[in-house]
Amino acid sequence: MAFESSIYTDVRAGEAVDGVDGFNFQAVSPGMDAGSQQVIRELMLHQISTRWPMDREERDHPPSAAFLQRDGRFYFSRGMSTGATENGRRGNQLTQAVVTRSVDDIRPYRPAQILGAVNWTLEKAAGTTCEQWFAPLELSSGFEADMLLSWLRSDSWMQQVLPAYLTMLEEATGETPQKVILIHDDLQVVLRWMALGTLLLDASAADRLELRAFVTDPFQTSAKLVGMHPELMRGPLTDTHTINILERTHSNIEPSESARKVLDWALRLDTFDALEVIDIAQRWMPAIGVRYGAAGAEVVTGTRVARVGREEWDLGVSIIEGLASNGLRSDLELYLDELAEAVSSYRLQSADDFARAARATRFAVTSAIPGLAEALLAPTFESLAASPEFALTWVRELNPDGGWVWPRLEAPESLMENLTQVILEAPAAALSPLLVLVKPLSALLAADRLGPAVDRAAAHVRRNPHSGPEVNGWYGASRARAALRGQLLNEVSAVDPALPSTTFEELRAGTWDFLAPGEEQHTGTSVRFLGMLDAARVAREDVANREALLRTRTRRPDPGSWRRVLYADTSLPRDADLWVAWIETVGASSNMQEHIKTGVERILQLSPREVNARDTNRWLALLEALEVRNHPDPELETAIRDLTDFIDSIPSLKDRASDAGRRVKGMIRRRTPKEE
């Protein structure tokens, strides 16, 4: 991989990459795209202070350097003032900037060390094309890690201030960052301080830390680690952490425990051991805390003797948690023997213990290291059997995304005995994830013993429907599904069909669709439930779409569910076509027939002039559909004849118009001469 490079300065048209004169890119490497050029132009250029005296030589203006990360790219620049522009004005500058998409191009260094690479020339290119910088870069000797630590060891004041400096940097990379300002008149000194400080940070934190020196105004930059030149300072540096390297003073701050640890290693160990333990500790301390991260780093590097027992388990599990959360598989494999022995000899005692053990077990399984997961599972199951109240904490952490795969178990018998006891005694909220977890172990578990736990779990799902879809993935799913179907049927049946049913509304919303009978053998309960579920599926459709759905579905709702599907949000005769479709495809229960006959009887009691022929014909269509389904039915046949005769007596529009005309003529004839 490589860094793409560029030169930005005042140019003539013939010098510019794009042929435009003025401040512009004078040269770019082939991979420097427009997006990177825009970031450089907006954020990485050398800035000339407006406070720089007019009578001072512009070339004496302090130089600059910067690093930032944007949209997955890493940008570096160094710049300087170069005097007059091409047209003779003050304020010319030259910025050399590079960018890489890969953090691997920076390794094994920190970003601040890249600003000390030998590649920085700060001069125009021979043409409009720059060379790429191929990684790994060569650093100036003062920026190499061993030289930085030797520099620290040779300066007692630096040793005194380093814990405070590292603590400042920890805050600068924390959740509520505060600026850290380094004051000196030599850019190289400031950059070496930046390189030393970030060398002793976690690599990812150093990658996130934006750096700038020398800035014209520290409060106008988003950088949290800033270098200031004394001649560019405008006033007090309030609300910042400050180290004045020239005057050898710094603002007050209580050094953190981790910073003191780092200083101890840097001074006490040789360069190789110090960098190794610091590198491991700074990876581990953010994940598992200073105590465990520091002790673990010392144990695995041989700079501390481990102690067998509870402390060893605590340390081992903490390390595994840290490795798991950071994806550091290679560290786990490297230190497997020590960790496996440590975590297999302690009974868990708290929610935090169980969560940590679960995370360690999950990582152990994904690592596919034989025996490691089982070494964690055995004491965990034994501890859970004694403290089942922690089952939910454990199972949620073990299987957060449903992707858990059981490892090959060398001695499953004792594990299954304890696991069965855990399931029987676990809180109701833990049963669903536990039953999902153990389904692959069906052949190893005693079904007759776990029935009561499955029943408890089904009752919990009825009270908490959001977890319902998990049921199909349970151990004992068939038993749970049957129990839930029966309960839902009973709840709907207990409510008058003419009244709202909360349970049916849940079915209509799709909450219980997962209970639809599949390939299992259908019982009376499952058949009845399927009919009710089909009714709910029709009812959830818009009224305008239900007729087509009824005529195309291969399964039909139960005829007795018509009130739930039709009565609540349709009306007659407006939606008669839908009702006809129901009669023709599903059938009509006796109370539906009575409802329709009652409506027809009300029509027949009216005068033909009071009704609309189109609406009345819709009622006739309903009677005819009923008669087809129930033929022969003398009562329906009579009702059809009566309604047909009634429809025939309804005046046509022409007759109604003629009657209206005669009434108007009669009114005109009755007008008196006086009225005329």
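Reader: At what angle do helix α14 (residues 391-398) and helix α16 (residues 428-438) pack, and how far apart are their axes?

Author: In this predicted model, α14 and α16 pack at an angle of about 40 degrees, with their axes 9 Å apart. The helices are DSSP runs (H or I, at least four residues, with strands as E, at least two), numbered from the N terminus, and the axes are lines fitted to C-alpha atoms over the stretch in contact, with angles from 0 to 180 degrees between N-to-C directions.

Reader: Why are α14 and α16 called oblique?

Author: The angle of about 40 degrees has to be set against the ranges (under 35 degrees roughly parallel, over 145 roughly antiparallel, 65 to 115 roughly perpendicular, the rest oblique), and α14 and α16 are therefore oblique to each other. The crossing of α14 past α16 is left-handed, a word used if the near helix is turned anticlockwise from the far one by less than a right angle, with right-handed for clockwise.

Reader: Which residues make the contact between α14 and α16, and what kinds of residue are they?

Author: From α14 come A391, L392, W394, V395 and L398, and from α16 come A429, A430, P433, L434 and L437, where contact means heavy atoms within 4.5 Å. The residues of this contact divide into 10 nonpolar, no polar and no charged, counting Ala, Val, Leu, Ile, Met, Phe, Trp, Tyr, Cys and Pro as nonpolar, Asp, Glu, Lys and Arg as charged, and the others, Gly among them, as polar.

Reader: What makes α17 oblique to α18?

Author: The axes of α17 (residues 447-463) and α18 (residues 477-493) come within 9 Å and cross at roughly 40 degrees, which makes α17 oblique to α18. The crossing of α17 past α18 is right-handed. On the α17 side the contact holds G451, V454, D455, A458, V461 and R462, and these meet R479, A480, A483, L484, Q487, L488 and E491 of α18; the residues divide into 7 nonpolar, 2 polar and 4 charged.

Reader: How do you know how α3 is oriented relative to α4?

Author: The axes of α3 (residues 145-153) and α4 (residues 156-172) come within 6 Å and cross at roughly 105 degrees, which makes α3 roughly perpendicular to α4. W151, L152 and R153 of α3 meet M158, Q159 and L162 of α4, and the residues in this contact are 4 nonpolar, 1 polar and 1 charged.

Reader: How are the residues numbered, and which atoms and confidence limits apply?

Author: Residues are numbered from 1 along each chain as its sequence is written, and side-chain values use heavy atoms, leaving out hydrogens and water. Local features need pLDDT of at least 70 and side-chain atom pairs count only at pLDDT 80 or more, whereas totals for chains, interfaces and linings use all residues.
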